[in-house]
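Please consult the sequence and structure below alongside the text.

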Amino acid sequence: MQLSANRVIGAEITRLDVHALDDDAFASLDQALLRHQMLAIREQRLTPDQFIAFARRFGPIDLHVLDRYWMPGHPEIYVISNIVEGGRPLGNPREGFGWHTDLNYFANPTAVTLLYAIEVPPEGGETLFADTARSFAALPASRQAELRGLRACHSYRMLHESRPWLPPMTPEQIARTPDIHHPVVRRHPRCAREGLYLCDWSNTRLELADETEARRLQEELLAHMVRGEFVEAHRWRAGDLVLWDNRTLIHTATEYDRERHRRLVWRTSVRGEVPIAAH
Ligand code: SIN
């Protein structure tokens with residue numbers, strides 16, 4: 001395995017076959033993920049079963065709420081794509097836009113997300129990552145102290161309402177996604193990192209008595225969190241397997257010319273722990 005660290009977040013890995021890792025090699029990869037937070041492993045050739053088996057080495061997989069985009073026969077894989085075949089969309093064409101951390105609206109949000117690129121556009125369609133531990137550390141001590149006491153409401157219902165093109169939620173989806181409250185400053189359970197655990201207003205709301213002030217503060221924090229010095233872009237190649245730690249990173253998809261180009265990415269989400277507040 002050859003690893004080369006990125007400028008801000010993550011590392012690129014070459015000369016590695018993820019479906020042929022013994023326990024020691026997997027432990028090294030897991031340590032690299034903990035250290036770099038995001039790994040882009042180039043030139044993988046994975047079947048759906050191999051992709052799922054590799055993801056399961058990090059922990060149990062959570063199925064996405066939108067079951068219409070599960071891969072047929074492999075519900076663990078959520079398909080992201082603009083491709084339509086025989087009148088049927090292969091996946092969700094508009095997933096992941098807007099800064100977020102995955103499945104934040106669950107009591108046990110995603111620890112590790114894995115995306116595997118089958119087809120990518122020649123330009124655009126990058127994924128941006130922002131390090132919420134660095135942005136938290138860069139805040140004045142008084143602001144850090146104020147934020148440590150706060151919680152935010154994370155809501156799939158709100159996210160769904162912000163996407164009017166989706167069909168109404170089913171009773172099962174509603175039952176699976178009650179609103180959840182997480183600390184705003186989260187301590188990583190495996191290392192000393194403390195980061196801001198916040199997404200944009202579409203699905204996350206700071207809990208302050210004054211909602212106008214909550215929105216203003218949240219937007220101010222998000223603008224700070226995604227400043228250039230905290231952000232890294234991943235430029236996709238077909239065969240890339242990208243995995244990242246959602247506990248102290250947020251990310252967003254970016255646009256591409258969906259009329260001219262095809263994008264097909266498989267995603268799976270490894271369940272994490274209940275977020276721990278940093279004190
Ligand atoms: C996601 O946020 O789950 C997907 C990101 C991407 O497709 O770039």
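A salt bridge is counted where a side-chain nitrogen of Lys or Arg lies within 4 Å of a carboxyl oxygen of Asp or Glu. The structure is a predicted model, in which local features need pLDDT of at least 70 and side-chain atom pairs count only at pLDDT 80 or more, while totals for chains, interfaces and linings use all residues. Residues are numbered from 1 along each chain as its sequence is written, and side-chain values use heavy atoms, with hydrogens and water left out.

**Salt bridges**

- Side chains of opposite charge can pair when their charged atoms come close.
- Under the stated rule, the count is 27 salt bridges.
- E95 and R267 form a salt bridge through their side chains, at 4.0 Å from N to O.
- This pair links distant parts of the chain, 172 residues apart: E95 lies in the loop between strand 8 (88-89) and strand 9 (110-119), and R267 in strand 19.
- E95 counts as buried because its relative accessibility is 8%; buried means under 20% relative accessible area, exposed over 50%, and partly exposed in between (1.4 Å probe, protein chains only).
- R267 likewise counts as buried, because its relative accessibility is 5%.
- R134 and D131 meet in a salt bridge of 3.6 Å, N to O; R134 is partly exposed at 39% relative accessibility, whereas D131 is buried at 4%.
- In the salt bridge between R247 and D245, the closest N and O atoms are 2.9 Å apart, and both residues are buried.
- A network of salt bridges links R143, E146, E213, R216 and E220.

**Strand 6 and its partners**

- Strand 6 pairs with strand 5 (residues 70-71) in the antiparallel sense over 2 bridges, pairing being assigned if DSSP finds at least two bridges between two strands.
- M71 has H74 in strand 6 as its bridge partner.
- The two strands form a hairpin with 2 residues between them, and G73 in the turn has a positive phi of about 85 degrees.
- Strand 6 also pairs with strand 19 (residues 264-271), antiparallel over 4 bridges, with S81 opposite L264.

**Loop residue R15**

- R15 is located in the loop between strand 2 (11-14) and helix 1 (23-36), and counts as exposed because its relative accessibility is 69%.
- The C-alpha atoms of R15 and M1 are 5.0 Å apart, although the residues are 14 apart in sequence.
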